[in-house]
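Please load the model in a viewer and keep the selection panel open.

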Amino acid sequence: MPPQPEALPVQLNSSRAAGLSAAFEGVTIAVLGDLMLDHFIWGSVSRISPEAPVPVVRVTRESFHLGGAGNVVNNLASLGARPLPVGVIGDDEAGRRTMEALQKIGAGTDGVLQAGGRTTTKKTRVVAHAQQVVRFDREDESLLDEDVSAALGKAASAALREAKALIVSDYEKGTVSAPLLKAVLGEARRLGIPVVVDPKPHLYDAYTPVTAITPNLGEAAQMAGIRIRAPEDRARAAAAILKRLGCKAVLLTLGDEGMLLCEEGAPPALIGAAAREVYDVTGAGDTVVAAFTLALAAGATMPEAAQLANAAAGVVVGKVGTATATREEIMNVLSFAAAPITSYRC
Ligand SMILES: Nc1ncnc2c1ncn2[C@@H]1O[C@H](COP(=O)(O)OP(=O)(O)OP(=O)(O)O)[C@@H](O)[C@H]1O
Ligand SMILES: [Mg+2]
């Protein structure tokens with residue numbers, strides 16, 4: 001028989017949500033990961049090029065936004081936290097723009113190291129009439145040089161001494177490596193600091209010891225080696241990851257179906273998506289890891305933190321581009337669409 005949903009007695013009420021989100025203010029969260037710059041070139045198209053069968057875009061403006069781990073940092077700042085990014089930029093224009101953007105949102109930048117000779121990861125999207133025409137990436141995905149990685153480890157230690165929690169935002173762009181994780185996660189454990197990882201499957205076994213991990217469906221399937229078809233496969237994959245990493249929770253994000261929280265010793269809980277309108281799901285995973293970790297650091301239980309993160313993701317998917325949510329917007333989503341929560345016995 002397929003698993004039967006059952007009511008979960010932990011629905012977040014609005015006064016508890018308001019209390020928790022008020023406690024987000026000023027909480028210091030370290031973010032170790034791949035900093036990136038999102039570059040948008042906006043314009044319009046009125047003809048096809050005579051040179052090749054491609055549209056000719058008349059550029060009207062350009063904009064730059066923090067991406068990757070930088071988007072996690074941006075989300076934390078928008079929620080009232082004090083983010084401490086730990087990562088690398090190159091000695092190039094994109095690196096300088098990344099640094100400026102971090103400073104502008106009030107992030108501490110002592111942990112942002114310039115690695116000479118490295119290209120700052122930059123994704124450029126050409127958008128005409130609200131439609132993406134092309135995207136081109138400039139990046140150096142090789143692992144960091146050992147001396148840079150060692151310096152990053154030191155920067156992470158310094159950030160951990162100030163932080164209430166650590167997020168690892170791994171985009172497989174070379175910043176996060178097994179030796180770096182060993183040093184940083186060991187230090188976090190010694191200091192008693194909770195760690196939440198937004199993973200990529202390549203470092204699966206290195207994400208330990210951590211408190212929680214937030215894979216999406218594809219990542220979870222790959223990590224657990226399970227083909228996910230039926231709903232119970234999701235819980236099986238999450239349970240396998242939980243067991244292998246020995247962590248306290250796996251928060252599996254399910255796109256338009258919301259998220260599945262699989263906590264050690266508790267039945268998995270399915271939290272339905274909270275979005276009212278969906279425009280752009282880019283970066284929703286960054287919002288989830290930011291809000292979930294911040295909520296835990298502010299004293300939320302895992303199910304409470306998951307519900308706040310789900311509401312925050314519901315806000316950002318309703319905005320165009322890599323977006324962020326504020327506490328007011330989260331409260332607004334929770335008031336009109338308390339996402340249905342069910343749990344599955346498995
Ligand atoms: N189409 C959608 N409708 C409603 N909510 C959505 C939708 N897509 C994503 N979400 C919300 O965003 C959360 C994270 O989305 P998703 O599972 O796509 O993460 P992801 O694949 O890690 O995203 P990212 O592109 O940032 O890496 C979901 O748990 C859900 O709350
Ligand atoms: Mg993701």
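Select the lining of the largest pocket and colour it by class: 13 residues are nonpolar, 8 polar and 6 charged. In this scheme Ala, Val, Leu, Ile, Met, Phe, Trp, Tyr, Cys and Pro count as nonpolar, Asp, Glu, Lys and Arg as charged, and the others, Gly among them, as polar. The model is predicted, so that local features need pLDDT of at least 70 and side-chain atom pairs count only at pLDDT 80 or more, while totals for chains, interfaces and linings use all residues. Residues are numbered from 1 along each chain as its sequence is written, chains are lettered from A and ligands numbered from 1 in the order in which they are written, and side-chain values use heavy atoms, with hydrogens and water left out.

Next, centre the view on T253, G255, V281, A284 and G285, which lie nearest the centre of this pocket among its 27 lining residues. A pocket here is an open set of points on a 1 Å grid over the protein atoms alone, where a 1.4 Å probe fits, with protein on both sides within 12 Å along at least five of seven lines; lining residues have an atom within 4 Å of a point. The volume is about 530 Å³, taken as the space filled by probe spheres set on the points.

The largest share, 4 residues, comes from α8. Helices (H or I, at least four residues) and strands (E, at least two) are DSSP runs, numbered from the N terminus.

Now select ligand 1. It is surrounded by 19 residues, the closest being T253, G255, G258, G285 and N310; a residue counts if one of its heavy atoms lies within 4 Å. Which polar contacts (pairs of N or O atoms within 3.5 Å) can be displayed here?

- N216: a polar side-chain atom lies 2.9 Å from an oxygen atom of ligand 1.
- G258: a backbone N or O atom lies 2.8 Å from an oxygen atom of ligand 1.
- A284: a backbone N or O atom lies 3.2 Å from an oxygen atom of ligand 1.

Finally, move to the open sheet of 4 strands, ordered β4-β3-β7-β8 with mixed pairing. Its edge strands, β4 (55-68) and β8 (131-138), each pair on one side only; pairing requires at least two DSSP bridges between two strands. Select β3 (residues 35-48): 8 bridges join it to the parallel β7 (residues 121-128), with I41 opposite V126. Towards β4, β3 pairs in the antiparallel sense over 13 bridges, and H39 has F64 as its bridge partner. A hairpin of 6 residues joins β3 to β4.

Definitions and conventions
A polar contact is a pair of N or O atoms within 3.5 Å; within protein, one must be able to donate a hydrogen and the other to accept it, and residues adjacent in sequence count only if both atoms are side-chain atoms.
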